[in-house]
Amino acid sequence: MRAVASILPLVLDNVVFAVGAARLIDGLSFTLDRGPRTVILGPNGAGKSLTLRLCHGLIAPGAGRLTWRGDGGAVSPARRQAMVFQSPVMLRRSALANVVYGLAVNGVARRRRRDLAMAALDRVGLANLAERSARALSTGEQQRLALARAWALRPEVLFLDEPTANLDPAATRAVEAIIDAVHGSGTKIVMTTHDLAQARRLADEVLFLHHGRLVERAPAEAFFNRPVSPEARAFIKGELLW
Amino acid sequence: MVSRLLGRRGLCLALVLGLGLAFVPSAGVIGAGSALAGERFIVVASTTSTQNSGLFRYLLPKFAKKTGIEVRVVAVGTRQAIRLAERGDADVLFVHHRPSEDAFVAAGYGVSRHDVMYNDFVIVGPKADPAGIRGTRDAAKALARIAAAAAPFVSRGDDSGTNKKELGLWKTAGVDPAAASGSWYRESGSGMGATLNTAAAMSAYTLADRATWLSFANKGDLVVVVEGDKVLYNPYGVILVSPTRYPQVKVKDGQAFIDWLISPEGQAAIAAFRIDGRQVFFPDAG
Amino acid sequence: MSDIWSAFGRALGLIASLDANLFAIIGLSLKVSFTAVALAAAIGLPLGAAVAVFRFPGRGAVAAFLNALMGLPPVVVGLLVYLMLSRAGPLGVLGLLFTPTAMIVAQCLLVVPIVAALTRQAVEDLWREYAEQLRSLGAGPGRAWRTLLWDARFTLATVVLAGFGRAIAEVGAVMIVGGNIDHVTRVMTTAIALETSKGDLELALGLGTVLIALSFTVSGAAQAVKDRAQGRAG
């Protein structure tokens, strides 16, 4: 297998995103690199989802720069990164066909698609539902399917935006197990959540956002046990931040 | 249950096949619909009144049998038929308005005009006859009485041969019906059939050609009230569209049709045509 | 009211008698309208999807224009096509006037706006829902329009059926460009118009009933296929 240059690290430099007069992302600067599972935490409206979308390339910053390694500054969303959304969007076709679609879009040879897709479904435990209509699956199954679809592309970075917000505990556990497995296979995990308990379970490091700014960044253990900023402290205690 | 038997693919296939079969009986028709090389046909622009009388259904097979030429009649109002021919979309023009026909030839659109046949117009009206004109022999006088009584009258109002004849009669009667348009004088702006439908529904008078009248199936309480006036005579002419204007005109076959119409054989066929046992068209070529 | 009952009776009688002329007319109506709609779908589906998905200057105007064209009067379209195909017109050399081909052209022009405008709306709604996910996977508008067309296939089947309904029922366009020539370009609607003008209202209504039954059959069959397919694909 030929060595492919890594797209990491991702560097954000004073990124701003405004809608009208409101600066929803207000001068964000940080670097994401291989290794730790990064969880972006913060109250609702902190700008977590926006940050993910900026990183993934779905929206462009109004000011500031976003640079992947070895690249002039322009990021194309499909390049070796994938994203799973809070509500999975499934095409009106079978579960297998949904995964195959992702492979097809990314230029995988036709004869390899089916096998790769079945393997991905197998890894998330949906192999027996391969021919079922994707829209007929439960929300938890659909989210696992979304993960399979993303994982089949062998991304270097996987962004997840509140992936279990709409799921019941059993489905949540299944999804978290898959995220773990994806991480284990070498993919960088960047995830947002407003669920503190989930963050404790999954995070290796935490980026804490508030009002579109990065307030605190620390390894998970340090963040949860010895938060430095007052906002982080209040958040962990369970208080409302505004 | 059928769907379970066939499965989805099978159902789609059955649908497609079923539709295909629907076309088999008409396959011959479709073939006739295309202008294939070796298929002989001409387009004749004629009037709805001639078509609706059934004359063409009767005549054309005889011609086709003799010459192998299919005659395709596009039947529209007289004025539209002339316009069609002026644009070269027909090979032969067959209408019943002498002034327009002469103008057509004079302007170079047609080669020459030939008499073919004549029929006559009649005034029809409600049995109750509110204008009291039944039995009158003078058409213009009858119209004057309709105007005087302000009895409802439906006009074709479409600049057709029939319409022009009607307007000419009003002029002779010294009446301007346009002034009363919308009250007792109603302009339907449509063909003979639609106009008769309207007259029957309104119990109104109208001017109609006898052939359309006899074959019309919705007479209601209308009857013939005036007939026989020489001025109601309605001659037909046939003209070959000029190939110098439109090189695509089928000169040979078009002329063959005209020649047949004015030949003793064609003339006899026209005379033999009957509606309800009555002769409707009177040959007058030559 | 008794007219309508006798129309049903007349309709049944016509069909039962297996009148060759009637079946030829039915066959031609179906051939012309099916062909026209197939062509219109081939043009209108991609057109509608493209307008829905691609950004270009004047996009809103194009969408509004397509919507407005849905209201094109058939008789006006017939007139325009006649002027084009007439021997005195630009395409006269083709010799297409007064043939079923001219009728297909006219009906196609009538149906394309319907298919395109409704497709645009359906695909636009789907695109709104799918855009982020599709772009995340790497599918830009260039790919997405095809994906969305397939995903919207059940709605679009109904759209095409609406186009067919318009085509099979119109008389203005086919009357002018076809000429209602006996055995050549006479279809159900022009035959009904003819019989009405001859005052044979009973026959006209009978033919009308047959035409409605025809429409019902086609749409019923389409619905059956759609239901089965939809049951499988969700």
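This is a predicted model: local features need pLDDT of at least 70, side-chain atom pairs count only at pLDDT 80 or more; totals for chains, interfaces and linings use all residues.

Author: Residues are numbered from 1 along each chain as its sequence is written, and chains are lettered from A, ligands numbered from 1, in the order in which they are written.

Helix 9 of chain B covers residues 192-202, and its buried residues are B:M192, B:G193, B:T195, B:L196, B:N197, B:A199 and B:A200. (Buried means 20 or more other C-beta atoms within 10 Å of a residue's own, exposed means 12 or fewer, and partly exposed is in between; the C-beta atoms are placed from the backbone.) Helices here are DSSP runs of H or I with at least four residues, strands are runs of E with at least two, and both are numbered from the N terminus.

Let's zoom out to chain B. Chain B has 12 helices and 12 strands, and 44% of its 286 residues are buried. Its domain assignment (bounds like these come from an automatic or database assignment) gives domain 1 (37-119 + 235-283) and domain 2 (120-232). The C-alpha centres of those two domains of chain B lie 27 Å apart. Where they meet, 19 residues of domain 1 of chain B are in contact with 16 residues of domain 2 of chain B; contact means that the C-beta atoms, placed from the backbone, lie within 7 Å. On the domain 1 side, helix 3 (48-53) and helix 5 (78-86) of chain B each supply at least two residues. Helix 3 of chain B has the largest share of that side, four residues. By type, the domain 1 side divides into five nonpolar, 11 polar and three charged residues. (Ala, Val, Leu, Ile, Met, Phe, Trp, Tyr, Cys and Pro count as nonpolar, Asp, Glu, Lys and Arg as charged, and the others, Gly among them, as polar.)

The axes of helix 11 (residues 251-262) and helix 12 (residues 264-272) of chain B come within 4 Å and cross at roughly 65°. The contact joins B:W260, B:L261 and B:I262 of helix 11 to B:E265, B:G266 and B:Q267 of helix 12. Those residues divide into three nonpolar, two polar and one charged. In case you wonder about the angle, axes are lines fitted to C-alpha atoms, for helices over the stretch in contact, and angles run from 0 to 180 degrees between N-to-C directions.

What about the inside? The largest nonpolar core has 150 residues, and those with the most contacts inside it are B:V92, B:L93, C:A106, C:V115 and C:V177. Helix 5 of chain C gives the most to this core, with 21 residues. Domain 1 and domain 2 of chain B both give residues to this core, so it lies between them. (A nonpolar core is a set of buried Ala, Val, Leu, Ile, Met, Phe, Trp, Tyr and Cys residues joined through C-beta atoms within 7 Å.) Take B:L93: leaving aside neighbours within four places in sequence, its contacts are B:A45, B:A81, B:I82, B:A85, B:F104, B:G110, B:I239 and B:V241. A second, separate core of 66 residues includes A:I40, A:A120, A:F208 and A:L209.

Finally, the chains together. Two pairs of chains are in contact, and chains B and C share the most contacts. Chain A and chain B do not touch, and their nearest C-alpha atoms are 16 Å apart. Chain C does touch chain A: 15 residues of chain C are in contact with 18 residues of chain A. Helix 5 (100-137), helix 6 (141-151) and helix 10 (201-233) of chain C each supply at least two residues of the chain C side, and helix 5 has the largest share, seven residues. That side divides into four nonpolar, five polar and six charged residues. Chain C itself comes to 10 helices and zero strands, with 50% of its 234 residues buried. For the complex, the predictor gives an ipTM of 0.89 and a pTM of 0.85.
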